[in-house]
Amino acid sequence: MIERCFMKKVMIISYYWPPGGGAGVHRWLKFAKYLRHYGWEPIVYTPENPEYPETDASLLKDLPTDLLTIRRKIREPYRLYKLFTGRSMGEKIQAGFLSENRKPGQADKLATWLRGNLFIPDARKFWIRPSVRYLSRWLSAHPVDAVVSTGPPHSMHLIALGLKQGHNIPWLADFRDPWSQIDFYHKLRLTPWADKKHKALERRVLHTADRVVTVSNHWAGGLRQLSNRHIDVVTNGFDPEDFLDVPDYTHERFTLTHLGSMNADRNPRVLWEVIKDLVMHVPGFSDHLEIRLIGKTDIAVRQALESLELQAFVNHIPYLPHDKALEITGASAILLLPLNNTPNVMGIAPGKLYEYLALKRPILCVGPPNGDAAGIIQETGSGITLGFQDRGGMHEALLKWYSAFLTEGLGPVEGSAGRFSRIALTGQIAEILNGMV
């Protein structure tokens with residue numbers, strides 16, 4: 001490894017950072033962990049007092065030794081939001097319109113309207129100007145070779161935009177999720193003025209950043225149409241070090257596990273109906289079945305399972321530290337990957353997909369068979385992707401896996417997932433950074 005005093009420096013602007021938990025943290029935490037292998041010294045700029053949906057102290061172990069982390073206070077409107085919608089001050093605000101305990105009421109709908117039309121691009125907008133002022137002074141005294149912004153929240157991109165305009169520092173904008181093409185954009189209840197404002201800011205980021213990267217081919221295509229420029233693709237992945245102590249599957253239960261948040265758009269209603277049919281008509285199936293949902297689960301999912309009288313087979317497990325969640329998930333027969341049944345589904349390849357690959361358990365993906373997630377599953381030989389309404393395919397796949405379970409033949413999937421290692425993916429990021437400076 002190159003001596004740190006000779007490394008190039010990159011500032012990473014990210015809202016999500018340990019001890020924050022959830023999917024938004026892992027991508028740049030893992031890149032920061034391995035960037036020194038490729039001659040880059042990371043410096044992180046992140047809020048001191050953020051509103052995280054979850055916290056996970058186990059992720060702190062991945063922070064590089066002596067990592068310089070700049071934390072500054074952020075002012076967010078979530079206290080007012082909680083008062084307005086009748087939530088307790090201790091309740092976590094979930095991303096992606098997920099609601100665990102109740103269906104959205106009129107106050108929630110009005111709050112969504114306010115969020116989409118007044119807080120542009122998002123509720124972290126009040127951190128943009130103070131951050132640009134502070135970092136402009138800081139960078140004048142401590143120059144870096146490049147800046148990375150990762151969003152959502154897309155306010156992080158606007159901080160980097162301000163630094164680009166003031167200092168002309170090479171800038172990589174990372175879209176972990178789309179902006180105007182994200183699955184819930186239509187739910188923001190935008191006025192024509194607000195829609196125009198969102199898209200104008202998005203275009204400024206896309207046209208001003210030196211390089212733009214996203215996580216899937218279809219999403220890159222969407223950004224390319226908006227910007228008429230090259231978009232790099234660096235997928236999410238898995239860290240081999242996270243899987244050193246994951247136990248093997250033991251055929252004790254025919255457990256179908258979903259890891260992570262399951263909002264209403266991911267609710268695989270047809271799959272639940274197929275499972276109900278197997279419970280009713282396949283001898284022994286009900287004796288072995290367990291549906292394990294690890295993480296936040298929308299009330300719509302819970303109600304669907306209850307309406308089919310499947311709740312006796314469901315094990316709801318609250319959010320767990322990442323290492324513990326992988327341990328439990330790895331002891332599953334089948335890993336469920338229901339995708340969002342939304343217009344941008346072709347490019348959805350969530351972070352859990354790559355961790356599923358590393359766990360080497362069969363994957364049942366519910367989504368378009370020609371989407372990006374399906375392509376990765378086919379490439380790695382790690383499972384099957386079936387359409388949202390493919391009742392016959394789901395029935396056949398589950399019966400096949402259950403038969404293998406009965407004979408203890410449901411062994412590990414020996415696919416070829418090495419190119420999705422976080423170490424290799426960090427090399428791709430370093431190559432992009434090298435091309436900017």
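Reply: Go ahead; note that the model is predicted.

Me: In which strand is the place of Arg72?
Reply: The strand in question covers residues 68-72. Arg72 therefore lies in strand β3.

Me: Is Arg72 buried, partly exposed or exposed?
Reply: The relative accessible area of Arg72 is 34%. Buried means under 20% and exposed means over 50%, with partly exposed in between. Arg72 is therefore partly exposed.

Me: Is Leu188 buried or exposed?
Reply: Leu188 sits in the loop between β5 (171-175) and α6 (192-208). Its relative accessible area is 3%, and the cut-off for buried is under 20%. Leu188 is therefore buried.

Me: What distance separates the C-alpha atoms of Leu188 and Gly387?
Reply: Along the chain, Leu188 and Gly387 are 199 residues apart.

Me: What is the radius of gyration of the protein?
Reply: The secondary structure comes to 15 helices and 13 strands. For 437 residues the globule rule gives 22 Å, and the value for the protein is close to that, so the protein is as compact as a globular protein of that length. The radius of gyration is 22 Å.

Me: What share of the 437 residues is buried?
Reply: A residue counts as buried when its relative accessible area is under 20%. In this protein, the buried share of the 437 residues is 59%.

Methods:
Residues numbered from 1 in each chain as written. Predicted model: local features only at pLDDT ≥ 70, side-chain atom pairs only at ≥ 80, totals over all residues. Heavy atoms only, no water. Helix = DSSP H or I, 4+ residues; strand = E, 2+ residues; numbered from the N terminus. Buried < 20%, exposed > 50% of the residue type's maximum accessible area, 1.4 Å probe, protein only. Rg over C-alpha atoms; globule rule 2.2 N^0.38 Å.
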